[in-house]
Amino acid sequence: MSTEPLLSIRDLSVQYPIRNGEVRAVRGVDLDIYKGEVLGLVGESGCGKSTLGKAILRMPPGVITEGSIQFGGSDLARLSEEEMRKIRGSRIGMVFQDPMTSLNPIQSIVDHLTETIRTHQPDTSKSQAREIAETLVDRLGIRASRIDDYPHQFSGGMRQRIMIALALALNADLVIADEPTTALDVIVEAQFLDLLRVLKEEFNLTIILITHNIGVVAEIADRVAVMYGGTIVEVAPVLELFGSTKHPYTRGLLQSVPSIERGGRDLYRMEGSPPSLLDMPPGCSFNPRCPEAMPVCSETEPRLLPIEGDAGHLAACFLYHRAREGRVST
Ligand code: SF4
């Protein structure tokens with residue numbers, strides 16, 4: 001894994017316009033993604049993780065209102081739509097939970113692949129593009145003889161492989177996978193994660209894996225970023241996060257996962273639900289649910305800061321930082 005970030009997000013805020021105003025779905029996010037790593041982005045539904053993933057590619061409906069996304073010498077937050085079109089697919093690929101929303105049902109797989117290759121590399125002939133497509137699908141465990149089939153003729157797991165093939169066809173530097181295994185059964189999910197692991201090694205792929213499934217993250221991620229209330233509350237290497245959890249929200253998430261050691265007993269249930277992005281509580285957004293909340297927690301919002309003595313481990317929590325290191329709520 002490189003020490004230079006491939007993608008560097010600073011103070012990023014994203015809003016959704018609604019009839020009576022705006023919803024701040026992502027608030028002041030700082031995050032670095034390094035070449036060759038799998039970064040797991042986790043949190044409950046509505047915490048902003050998918051909005052953050054889409055914001056990197058400037059996909060609607062969210063609108064970036066503040067901050068920067070440095071990638072390959074450009075700030076993606078400020079590029080024109082035409083410049084962004086060249087980055088989507090060719091430099092950064094996206095894999096969605098339901099690949100049918102991205103695949104055209106009346107186009108064969110070979111047409112998807114050759115069209116993508118030739119749009120971004122116009123000098124590639126049709127036969128060369130077909131050859132590249134056949135090699136790729138074969139590498140991803142799909143027989144090349146099926147390349148003329150249509151999306152509906154493949155299973156969910158195979159369609160996810162085709163989405164990865166589309167990203168690899170262009171040598172994308174970064175793949176953002178948004179809940180890619182949620183619709184898969186456990187066996188197909190395990191096969192897909194194995195494939196991602198192999199591709200990561202073989203192609204030195206960098207992957208942002210967005211998921212609510214902590215088990216998936218434990219399987220494949222190098223580092224984990226935990227989101228809550230539209231912001232990152234903890235970041236750490238995966239073993240460090242599981243072995244030395246800092247933020248009370250992350251602790252609750254981990255305790256909510258059934259464990260073989262506990263024999264499925266004593267399953268922890270986190271009280272309450274994530275805050276409404278239309279009506280955020282003052283101070284730390286987790287304070288109404290936090291078993292360790294202190295008076296300062298409802299007055300000031302903690303910033304994401306390094307934990308002393310734990311390299312690469314950051315948390316946004318007053319249990320580890322002094323109150324003056326926060327932002328006074330407005
Ligand atoms: Fe809990 Fe306070 Fe830490 Fe927020 S800042 S997680 S409320 S202890």
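Mentor: Start with a cut-off. A residue is buried under 20% relative accessible area, exposed over 50%, and partly exposed in between. Glu292, at 32% relative accessibility, is therefore partly exposed. Keep in mind that this is a predicted model.

Glu292 pairs with Arg251 in a salt bridge, and the closest N and O atoms are 2.7 Å apart. This pair links distant parts of the chain. Arg251 sits in helix α9 (residues 248-255), while Glu292 sits in the loop between α9 and β11 (300-302), 41 residues apart. Arg251 is partly exposed as well, at 26% relative accessibility.

Next, helix α4. Arg130 and Glu134 form a salt bridge, with 3.1 Å between the closest N and O atoms. The two are four residues apart in α4 (residues 126-139), so about one helical turn separates them. Glu134 has a relative accessible area of 28%, which means partly exposed. Arg130 is partly exposed too, with 30%. Shared partners extend this pair: salt bridges join Arg130, Glu134 and Asp148 into one network.

Helix α4 also holds Arg139. Arg139 forms a salt bridge with Glu202, the closest N and O atoms being 2.6 Å apart. Glu202 lies in helix α6 (residues 186-203), so the pair ties together parts that are 63 residues apart in sequence. Glu202 counts as partly exposed at 44% relative accessibility, and Arg139 counts as partly exposed at 30%.

For the overall tally, a search of the whole structure finds 17 salt bridges.

Key: Residues are numbered from 1 along each chain as its sequence is written. This is a predicted model: local features need pLDDT of at least 70, side-chain atom pairs count only at pLDDT 80 or more; totals for chains, interfaces and linings use all residues. Side-chain values use heavy atoms; hydrogens and water are left out. A salt bridge is a side-chain nitrogen of Lys or Arg within 4 Å of a carboxyl oxygen of Asp or Glu. Buried means under 20% relative accessible area, exposed over 50%, partly exposed in between (1.4 Å probe, protein chains only).
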